[in-house]
Amino acid sequence: MVDKKDKNQAQINLLYLVPVQNTKCEIKEDGLVVLFKPKFAHSLLVKYLLPLMKHPYYKIKLDDIGSFFWLKCDGTRTVKEIAELHKNKFEDRVEPLYDRISQFLSSLEKNRLIIFK
């Protein structure tokens, strides 16, 4: 039996979604990006515990390919447009392109680091 949620997700084409950054980040001098993921997701913990913590965020360091992709997730480009920019810049280094992008976006969305418009 096919779950209704699975059926709706199967009809969504990832290439036409628009990813938007959903967390703080820092761009290092070398152009690489560091994402800051809050250690807690529950609103009360975020409100009361995070300010008291010395290190309230997990730091996720992206490589040059991930950093390039992250910076293009500005809410104006579709995944397909970003993939084309990726292909032009990194050529064979990003092959298989769509598999890598799918896994990367899945990981970012699962960790609530991006949202889709």
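The chain folds into 5 helices and 5 strands, taken as DSSP runs (H or I of at least four residues for helices, E of at least two for strands) and numbered from the N terminus. Read from that end, the elements follow the order α-β-β-β-α-β-α-α-α-β. This is a predicted model, in which local features need pLDDT of at least 70 and side-chain atom pairs count only at pLDDT 80 or more, while totals for chains, interfaces and linings use all residues. Residues are numbered from 1 along each chain as its sequence is written, and side-chain values use heavy atoms, with hydrogens and water left out.

Of the 117 residues, 26% count as buried, meaning under 20% relative accessible area, with exposed over 50% and partly exposed in between (1.4 Å probe, protein chains only). Residues 24 or more positions apart supply 59% of the contacts with a separation of 6 or more; a contact means heavy atoms within 4.5 Å.

| Residue | Loop between | Relative accessibility |
|---|---|---|
| Threonine 23 | strand 1 (19-21) and strand 2 (24-27) | 18% |
| Leucine 49 | helix 2 (43-48) and strand 4 (57-61) | 34% |

Threonine 23 counts as buried because its relative accessibility is 18%. Beyond its neighbours within four places in sequence, threonine 23 is in contact with Leu35, Phe36, Lys37, Pro38, Trp70 and Leu113. A polar atom of the threonine 23 side chain lies 2.3 Å from the backbone oxygen of phenylalanine 36.

Leucine 49, by contrast, is partly exposed, because its value is 34%.

How values were computed. Polar contact = N/O pair within 3.5 Å; in protein donor to acceptor, adjacent residues only side chain to side chain.
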